[in-house]
Amino acid sequence: MSATERRHGAADDPCVIRVRGLDYSVGGRSIFSGLDLDVARGSVTAIMGPSGTGKTTLLRLITGQATQDAGEVRVDGVEVSQLDRKGIYALRRRMGMLFQNGALLTDLDVYENVAFPLREHTRLPESLVRNIVLTKLQAVGLRGAAELMPHELSGGMARRVALARAIVMDPEILIYDEPFVGLDPISLGVVLRLIRELNDALGITSIVVSHDVREITAVADEAYLLSGGRVVASGPPAGLLESDSAEVRQFMKGLPDGPVPFHYPAPDYAEQLLGKERP
Amino acid sequence: MNRLLRELLDGARDSVSSVGRYALFTGRLLLETPRGLLRFRLVVEQVYNAGALSLVIIMLSGLFVGMVLGLQGFDLLERFGSEESLGTAAALGLVKELGPVVTALLFAGRAGTALASELGLMRATDQLSAMEMMAVDPVRRVVLPRFLGGVIAMPLLAAIFSMIGIFGAQLVGVQMMGVDQGQFWSQMRGAVEHGDVMEGVIKSCVFGVACSAVAVFEGYHAVPTAEGVGRATTRTVVVSSVVVLLLDYMLTAVML
């Protein structure tokens, strides 16, 4: 099957991203074992889980920044780990990613930050670059901030600029890594609205990695809950809230104790208090 | 005993592997240089950052080093009754040795640390990962222009250092100590040859490559934490200084 046929075949596939039997470990510590996950085309899919469950690692595997030990990670039918550097860069040009802190280039102003991918990948005339950049900035409500430097922006504004930059090349897949961390309620509301609106207006597929249950529930069509290297629950976020599983309920309702214990593993309390040696 | 031996072997292996990583990284930068020069605007910006912004410290240091050279040189040459050779002594000392070496050490302290901490912070704040995700190679877009900027700036700074140094030596020798001005300049012109100047130029070019490579390597590979960036900055100064002095000995031995 040629690459073109594969691409056409893949376009009919309702799943943009398909992960099967994923195994991945770092330094002998297993992060994923037998993980299965699908991201439907045009949906907002949330990947949730307690800190340290490998949510960001999963994004690294999907975007080709890391390679799995076993299993499949397919984007539009193409196995990511089989791609060479050129192939990975071609794949990333179809993706946009919003980093936790925005990751704006600190030596460029807002306008140039948004224009950066255009200048690197295209030879568009300046007037067209200007139109595209202003359109994207308008979409995130920051056309007026075009001349500000990144250090002059609030956390929420920086994330919106990064979002404008992520969509400037009109990606097919938009990935958000912890987009709600450290935002005030107003900025949070803005980012939530933008995730939904951009997804629907641009017809893209969005993946949101987060552990903010309330926010995710409001915006996602489908949610996966990861724990212990596998998917412990999946489905519409509202359904997860009603789950019978103690593990899922603890996470979704934010209970301090449950299957994930409050205490880090330690020797017996009384024995340690009475013992002489330092812990 | 076994443990000591194993630790020694591990240490030796780590050293060899880090030399190898340095060599591979520098080799890649040198291979990519023609492509990097095509984006000349980015390089010019970095020549400004590494060169123009280091100018004041280089000029001030050059002046003082030259003045000290004038004083010490005069004191030494006077004992042999040949103080009019001060111009030659100062010029040869500066052009062949002190110019390139002191400039490289100052460059490592001023521009090298700035480069390393800037790249380290870019790593720590995900800017380099963001570029990777935008399908932009950070080595080509960020590291290479900074490396080339340093390589171009270094010989220019060394030349300015030597020039100001000679002026400083003249200031002390001729204006303060009373060495004959005509003798000072004419002996210098007679004794300093093209080869002497070229020795300094070659040294400063080599030091430019070494200092810039160390700075961008340390910054690019910094551990993405505040502590990691600090360590990268310190390592830049330490490694650059040792490498410059080592290379200086090797180049002098070869070119003498």
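Two residues are taken to be in contact if their C-beta atoms, placed from the backbone, lie within 7 Å. The structure is a predicted model, in which local features need pLDDT of at least 70 and side-chain atom pairs count only at pLDDT 80 or more, while totals for chains, interfaces and linings use all residues. Residues are numbered from 1 along each chain as its sequence is written, and chains are lettered from A and ligands numbered from 1 in the order in which they are written.

Chain A contains 11 helices and 10 strands, where helices (H or I, at least four residues) and strands (E, at least two) are DSSP runs numbered from the N terminus. The C-alpha trace of chain A spans about 75 × 50 × 40 Å along its principal axes. Of the contacts in chain A with a separation of 6 or more, 65% join residues 24 or more positions apart. Buried residues account for 35% of the 279 residues in chain A; a residue is buried if 20 or more other C-beta atoms lie within 10 Å of its own, exposed if 12 or fewer, and partly exposed in between.

The contact between the chains draws on 14 residues from chain A and 10 residues from chain B. On the side of chain A that touches chain B, the elements giving two or more residues are α3 (85-92) and α4 (110-121) of chain A, and α4(A) gives the most, with three residues. By class, this side of chain A has six nonpolar, five polar and three charged residues, with Ala, Val, Leu, Ile, Met, Phe, Trp, Tyr, Cys and Pro counted as nonpolar, Asp, Glu, Lys and Arg as charged, and the others, Gly among them, as polar. Ala103(A), placed in the loop between β6 (95-98) and α4 of chain A, is buried, with 26 other C-beta atoms within 10 Å. Leaving aside neighbours within four places in sequence, Ala103(A) is in contact with Ala162(A) and with Thr125(B), Asp126(B), Gln127(B), Ser129(B) and Ala130(B).

Within chain A, α4(A) packs against helix α6 (residues 155-166) at an angle of about 30°, with the axes 8 Å apart; axes are lines fitted to C-alpha atoms, for helices over the stretch in contact, and angles run from 0 to 180 degrees between N-to-C directions. The helices α4(A) and α6(A) are therefore roughly parallel to each other (angles under 35 degrees count as roughly parallel, over 145 as roughly antiparallel, 65 to 115 as roughly perpendicular and the rest as oblique). In this pair, Val110(A), Asn113(A), Val114(A), Phe116(A) and Pro117(A) of α4(A) meet Val161(A), Ala164(A) and Arg165(A) of α6(A), and the contact comprises six nonpolar, one polar and one charged residues.

In chain B, the axes of helix α8 (residues 194-220) and helix α9 (residues 226-255) come within 9 Å and cross at roughly 155°, which makes α8(B) roughly antiparallel to α9(B). The contact of α8(B) with α9(B) has 14 nonpolar, three polar and five charged residues. For helix α3 (residues 55-79) and helix α4 (residues 86-124) of chain B, the axes come within 10 Å and cross at roughly 145°, and the residues of this contact divide into 13 nonpolar, six polar and one charged.
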